[in-house]
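Reader: I am new to this structure and would like to be guided through it. Could we look at it together?

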Amino acid sequence: MGEYADLRALLQGLRAPMIVAPMLRVSGLELTAAVCAAGAIGAFPTVNARTPERLDEWLSALDQLQSEGAAPYCPNLIIKAPTLAEHLGLICAHEAKVVITSVGSPAPVIEPLHKAGCAVLADVASLAHARRAAESGADGLVLLTAGAGGQTGWLNPFAFVAAVREFYDGVLVVAGGMSHGRSLLAAQVAGYDAGYFGTRFIATEESLAQQAYRDLLTTSSMDDVLLTKAFTGLQTNMLRPAIEASGIDPDRLDESVTPDLAGRLFGDGADGPKRWQQIWSAGHTVSSVDRVAPAAELVAQIVDEYADCAAAQDRAHLSMRSR
Ligand SMILES: Cc1cc2nc3c(=O)[nH]c(=O)nc-3n(C[C@H](O)[C@H](O)[C@H](O)COP(=O)(O)O)c2cc1C
């Protein structure tokens with residue numbers, strides 16, 4: 001197999017070890033480009049481009065930015081999407097250095113991506129999935145933990161990383177709970193190499209999210225986040241006010257919205273309120289969203305917080321040692 005990017009070296013080249021997470025109907029070219037230009041990895045689901053021609057254009061624009069010194073961009077392949085083979089082919093024809101896989105085993109795409117020079121991060125929500133992704137040769141794992149936005153994990157982030165570190169020494173990225181540079185530093189102390197920031201970046205000027213969604217994030221707190229399988233069939237964190245605004249009682253969801261009814265109400269082509277389009281998702285980190293900001297400003301803020309917290313920790317250690 002040819003040379004492919006060294007994930008740890010890529011992370012070391014960033015202003016802070018952060019990845020702005022891929023989000024359906026949220027992360028497009030503009031957000032990804034702004035994040036990469038600001039010195040963090042910007043990820044986006046390839047399905048957000050909607051057509052292969054548009055995906056090709058996005059990848060060309062991001063190649064250009066990367067060649068000018070921006071941080072690496074990172075396409076997200078949804079393994080179960082019908083467009084997988086086509087999107088994989090397009091990525092391999094461009095210059096991406098890292099790809100994230102989600103919803104399915106990364107096994108079928110690892111070899112072609114390595115041949116094309118890309119390292120592979122696979123997202124996982126259980127120890128069994130983590131073991132399988134590690135065995136299939138993923139260079140890193142994204143551990144989906146309790147409280148993450150979108151289709152979430154349920155495991156405690158500290159317990160999860162400790163258990164995975166028993167058998168895996170590749171890169172580990174935490175998804176869920178990253179709201180501040182301080183959380184990122186704490187994640188590293190716990191054993192992670194990097195952190196995913198999702199929800200915070202929905203409320204940016206460059207995101208594809210509707211204005212009403214962005215505004216709702218600024219007024220919602222983690223008490224408004226409801227964990228339910230009702231809309232997607234998988235554990236997903238949704239915003240209660242968005243469910244209420246669609247005329248559905250969030251407290252009676254699991255009895256009133258069966259997966260079958262959800263498919264008919266919210267599935268593609270259905271007439272009812274659409275999940276992701278009107279029934280919006282957010283993680284527990286929604287409590288830290290207080291304004292809609294330019295993405296570069298948010299990256300810079302998190303980088304500064306991370307550096308300040310790291311310096312404070314160093315000073316605390318020094319003063320302990322000198323006692
Ligand atoms: C609206 C939304 C859409 C998402 N879509 C995707 C997706 O297409 N692919 C993916 O791998 N993860 C997706 N996620 C999950 C995020 O990549 C990430 O795991 C999560 O946002 C991290 O938690 P946080 O939001 O608290 O930062 C989505 C999350 C949200 C909030």
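Reader: What does the accessible surface of the protein come to?
Author: In this predicted model, the accessible surface is about 14200 Å². Carbon and sulfur atoms account for 51% of that area.

Reader: And how many of the residues count as buried?
Author: Of the 323 residues in the protein, 52% count as buried.

Reader: What does the C-alpha trace span along its principal axes?
Author: The trace spans about 60 × 50 × 40 Å.

Reader: How many helices and strands are there?
Author: The secondary structure comprises 13 helices and 11 strands. The radius of gyration is 19 Å, close to the 20 Å that the globule rule gives for 323 residues, so the protein is as compact as a globular protein of that length.

Reader: Which strands make up the closed barrel?
Author: The barrel has 8 strands, in the order β1-β2-β3-β4-β5-β6-β8-β9, and their pairing is parallel. From one strand to the next, the twist averages 25°.

Reader: How many bridges join β1 to β2?
Author: Strand β1, residues 18-20, and strand β2, residues 41-45, run parallel and are joined by 2 bridges. I19 has I41 in β2 as its bridge partner.

Reader: Turning to the helices, which strands does α5 lie across?
Author: Helix α5, residues 107-115, lies across β3 (73-78), β4 (98-102) and β5 (119-124). Its direction is at about 155° to that of β5.

Reader: Lastly, what share of the contacts comes from residues 24 or more positions apart?
Author: Among contacts with a separation of 6 or more, such residues account for 62%.

Methods. Residues are numbered from 1 along each chain as its sequence is written. This is a predicted model: local features need pLDDT of at least 70, side-chain atom pairs count only at pLDDT 80 or more; totals for chains, interfaces and linings use all residues. Side-chain values use heavy atoms; hydrogens and water are left out. Two strands pair if DSSP finds at least two bridges between them. Helices (H or I, at least four residues) and strands (E, at least two) are DSSP runs, numbered from the N terminus. Axes are lines fitted to C-alpha atoms, for helices over the stretch in contact, and angles run from 0 to 180 degrees between N-to-C directions. Contact means heavy atoms within 4.5 Å. The radius of gyration is taken over C-alpha atoms; the globule rule is 2.2 Å times the number of residues to the power 0.38. Buried means under 20% relative accessible area, exposed over 50%, partly exposed in between (1.4 Å probe, protein chains only). Accessible areas come from the Shrake-Rupley method with a 1.4 Å probe; for residues, only the protein chains shown count as cover.
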